[in-house]
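Student: Could we go through the strand pairings and helix packing of this entry together? I will ask as we go.

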Amino acid sequence: MESTPAPLPEGVVAIVPVRNVVLFPSVLLPISVGRAKSIAAMQYALQAKAPLGIVLQKDPRVDDPAGDDLYPIGTLANLVHHVVAGDQRHAVCQGVQRFRIKELVEGHPFLAARIERIEEPARISAEAEALGVQLQAKALEILSLLPGAPAELAQALQATRAPGQLADITASLIDAEPAEKQALLETVRIEDRLQRVLEMLAHRIQVLRLSQEIGERTKEQIDDRQRKFLLREQLKTIQKELGEDTEGVQDLAQLEEAIAKAGMTPEAEAQARKELRRLQSMGSQSAEYSMLRTWLEWMTELPWKLPEDKPIDLAAARAVLEADHFGLERVKQRIVEFLAVQKLNPQGRAPILCFVGPPGVGKTSLGQSIARALGRPFVRVALGGVHDEAEIRGHRRTYIGALPGNIVQALRKAGARNCVMMLDEVDKLSASIHGDPAAALLEVLDPEQNSTFRDNYLGVPFDLSRVVFICTANVIDQVPPPVRDRMEVIDLPGYTPEEKLEIARRYLVPRQRAANGLRAGQCELADAALAAIIASYTREAGVRQLEREIGRVLRHAATKVAEGADVAVRIDAADLDPILGPARFEHEAALVASIPGVATGLAWTPAGGDILFVEATRVAGSGKLLLTGQLGDVMKESAQAALTLVKSRAIALRIPAAAFDGVDVHLHVPAGAIPKDGPSAGVAMFIALASLFSDRPVRHDVAMTGEISLRGLVLPVGGVKEKVLAAQRAGIATVLLPARNRKDLREVPESARSGLEFVWLETVDDAVRAALAEAPRRAEAELRLTG
């Protein structure tokens, strides 16, 4: 059993601060406490059978009140009943007597104070008795006006004779603010206390009588709608009589003012005012009230007015693009052209640009640069994974939780009707049972239609013609043709290793150095280390993974600096293995020897260019063509066409007539776990098969790309820049390209062009002369085809 605590000194009581509750003498009041000191005080009072001091705190937000946070006068109380519920203590307290706090007493686990009891006067004046009689009558009158007041309460008031006690009981029953009740508690003189309670009762009686009169005038309206109207009329009349205004009335006035200032179109303003009139005649408890109010707030917060366009400075725009992006010269030139047209014809319809490229090549940051150059706000709408038409056009406002579509939400966020809006990942939209969001996007992106774009939630047209739309996509083929038709596609093919090195120097290293709390003099990342990270630890067209790897290296440096390194930390290529681990990627290297049946091809991947080997061999069989290496349908067809072309040119290639009899040809492209497809491997397959059957080795320092036709023509392909750079990395000396791709060579950096020899192919005969070694001499009879 718990020991009985030591009693407090005489004149000292345990104090329980309470929020928003005032206990009067002679009144029973339930209170709940949860603070540790208050629980300790209540526990002490129970064990010591001592009274508690109940005191109102001045600011209910204070969790640990001190002496200055408490009112000076409180009420001594006895605990009548006590219940423990989890971390809370619930008690019924019986008020006994007023007291005044003289000083707080330290050294106890609860608030304790030395108090001075405030005694009620022994003799009651005639004035007090008269006021008590009047108060008793008024209290009984207000009980008669209150429906459902218990009869026991009236009996208790009639049985109370002492005027001070009657004032305290009546004050506890009045619906008043805690500060007002505390003022009554601190009114020690009985006559003043009675007078103040009488004044408060008189005000309440007047309100209740007026309510009864309103009820009598409107009691004939009995159905549900009329009952709600009655309550509203009662509220209005009471407010008018009391000279009060409600927050709801003020809000409606503010909405009306906002509609006038919003600058809406005549159609939209007429609809907004119509709905506002409906809202004014509707009760706030109506199910439609909150829906209408939310709709009006959306209407007033949208940027209906067109802000004044800032003048476009093309020199400053070029400076912004150069500061934000390295390389991408053609892309930057097209953006400058776009800005120039905007400057000369501000009211013209801007083309809708679509940046297409792999992740991390700077599509989103280009949009932000355009916004900076135009001096307009930038907002981004993510469309990846959107499969509901309502995400674009919005939901009808009759639905619960309805909202406008992403376009209107972005406009509200931007706060300007001429903002730059980026529609990100338009190739990731997908249709579902909820509709096709790509079809809904047509109205947004069509300059002929978007001036009257209608969001389902708003229900009125909104002009999008001044918004500068910029779209992004990873693969343009996945964008529906009708949407693609409305956009001007600008390709961002990716960065070369040289460009990545420069980007890392200019942007990534300084950004990661700042992110890791390093100064320029504390850490140095050598160019050789950056080049090694680009070549061996990343394989991407953009620079996101490169920035992450640079961040890992600089975190390692930051650790050394934080441990107290005396000199600047320098990281070279040789230091990367302990930090980043072994190299993750290896680029294929050129063959060191010429082998018949093996040709070096050039391939494009989303992470840049690479070389691949096409291997051919023949085994005894029935003339079948075997294909391995996870080849796609296009590459399989190229292989079949290459074999047929070799057979048709057997005499020109000096291949014996019997070379194709009774053999199966097996064509394999290594790295079999990686799917491969595309139309650019035809030349490499033809050369590999021609080398195999003519027994002429393919030059090991030659790589090639291009598609073939059955007539022997070499057809153009894409990705020339990436393929040439891959050949340079692999140590290739000669690159065979379709002659019709000669125009694409200007995109290749001069450093790569100067170190390679290019052979332009019109037909496969050009490839044979450039790639195959000299043919062995054979008798003419061996070469003749059998009929």
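Student: How do S9 and S12 pair, and over how many bridges?
Tutor: This is a predicted model. In it, strand S9 (residues 420–424) and strand S12 (residues 468–473) are paired in the parallel sense, with 4 bridges. As one point of reference in this pairing, Val420 is opposite Val468 in S12.

Student: Which sheet are they in, and what is the strand order?
Tutor: The sheet is open and has 5 strands, ordered S8-S9-S12-S7-S13, with parallel pairing. Strand S8 (378–382) and strand S13 (488–491) are the edge strands, each pairing on one side only. On average, neighbouring strands are turned by 25° against each other, direction ignored.

Student: Which helix packs on that sheet?
Tutor: Helix H13 (residues 363–374) packs on it and touches strand S7 (353–356), S8, S9 and S12. The direction of H13 makes about 170° with that of S9.

Student: Changing topic: what about S23, which strands does it pair with?
Tutor: Strand S20 (residues 702–704) is joined to S23 by 3 bridges, and the two run parallel. Strand S24 (residues 757–761) is joined to S23 by 5 bridges, also running parallel. Ala703 stands opposite Val735 in S23, while Leu737 has Trp760 in S24 as its bridge partner.

Student: Are the residues of S23 buried or exposed?
Tutor: Strand S23 (residues 734–738) is mostly covered, with 5 of its 5 residues buried. Both faces are covered: one side carries Thr734, Leu736 and Pro738, the other Val735 and Leu737, and all are buried.

Student: And H24, how many of its residues are buried?
Tutor: In helix H24 (residues 720–730), 9 of the 11 residues are buried, so the helix is largely enclosed by the rest of the structure. The buried residues include the charged Lys721, Glu722 and Lys723, as well as Val720, Val724 and Leu725. Ala726, Ala727 and Ala730 are buried too.

Student: What happens just after H24?
Tutor: Gly731 follows there, with a positive phi of about 85°.

Student: Now the helix pairs. At what angle do H9 and H10 pack?
Tutor: Helix H9 (residues 266–280) and helix H10 (residues 289–301) pack at about 150°, with their axes 10 Å apart. An angle over 145 degrees counts as roughly antiparallel, and H9 is therefore roughly antiparallel to H10. The crossing of H9 past H10 is left-handed.

Student: Which residues make that contact?
Tutor: H9 contributes Ala268, Gln271, Ala272, Glu275, Leu276, Arg278 and Leu279. H10 contributes Tyr289, Leu292, Arg293, Trp295, Leu296 and Met299. By class, there are 9 nonpolar, 1 polar and 3 charged residues in the contact of H9 with H10.

Student: What about H11 and H12, at what angle do they cross?
Tutor: Helix H11 (residues 314–324) and helix H12 (residues 329–344) cross at roughly 150°, and their axes come within 10 Å. This makes H11 roughly antiparallel to H12. H11 passes H12 in a right-handed crossing.

Student: Which residues are involved there, and of what class?
Tutor: The contact uses Leu314, Ala317, Arg318, Leu321 and Glu322 of H11, together with Glu329, Lys332, Ile335, Val336, Leu339 and Ala340 of H12. The contact of H11 with H12 has 7 nonpolar, no polar and 4 charged residues.

Student: And how are H18 and H20 placed, oblique or parallel?
Tutor: The axes of helix H18 (residues 497–515) and H20 cross at roughly 50° and come within 10 Å. H18 and H20 are therefore oblique to each other. The crossing is right-handed. From H18, the contact residues are Lys500, Ala504, Leu508, Val509, Arg511, Gln512 and Arg513, and from H20 they are Leu546, Glu547, Ile550, Gly551 and Leu554. They divide into 6 nonpolar, 2 polar and 4 charged.

Student: Last one: Glu549, is it buried or exposed?
Tutor: Glu549 lies in helix H20 (residues 544–562). Its relative accessibility is 3%, so Glu549 counts as buried, the cut-off being under 20%.

Student: What is Glu549 in contact with?
Tutor: Apart from its neighbours within four places in sequence, Glu549 is in contact with Ile533, Tyr537, Thr538, Leu580 and Arg584.

Key
Residues numbered from 1 in each chain as written. Predicted model: local features only at pLDDT ≥ 70, side-chain atom pairs only at ≥ 80, totals over all residues. Heavy atoms only, no water. Axes fitted to C-alpha atoms, helices over the stretch in contact; angles between N-to-C directions. Parallel < 35°, antiparallel > 145°, perpendicular 65-115°, else oblique. Left-handed = near helix turned anticlockwise from the far one by under 90°. Contact = heavy atoms within 4.5 Å. Pairing = 2+ DSSP bridges. Buried < 20%, exposed > 50% of the residue type's maximum accessible area, 1.4 Å probe, protein only.
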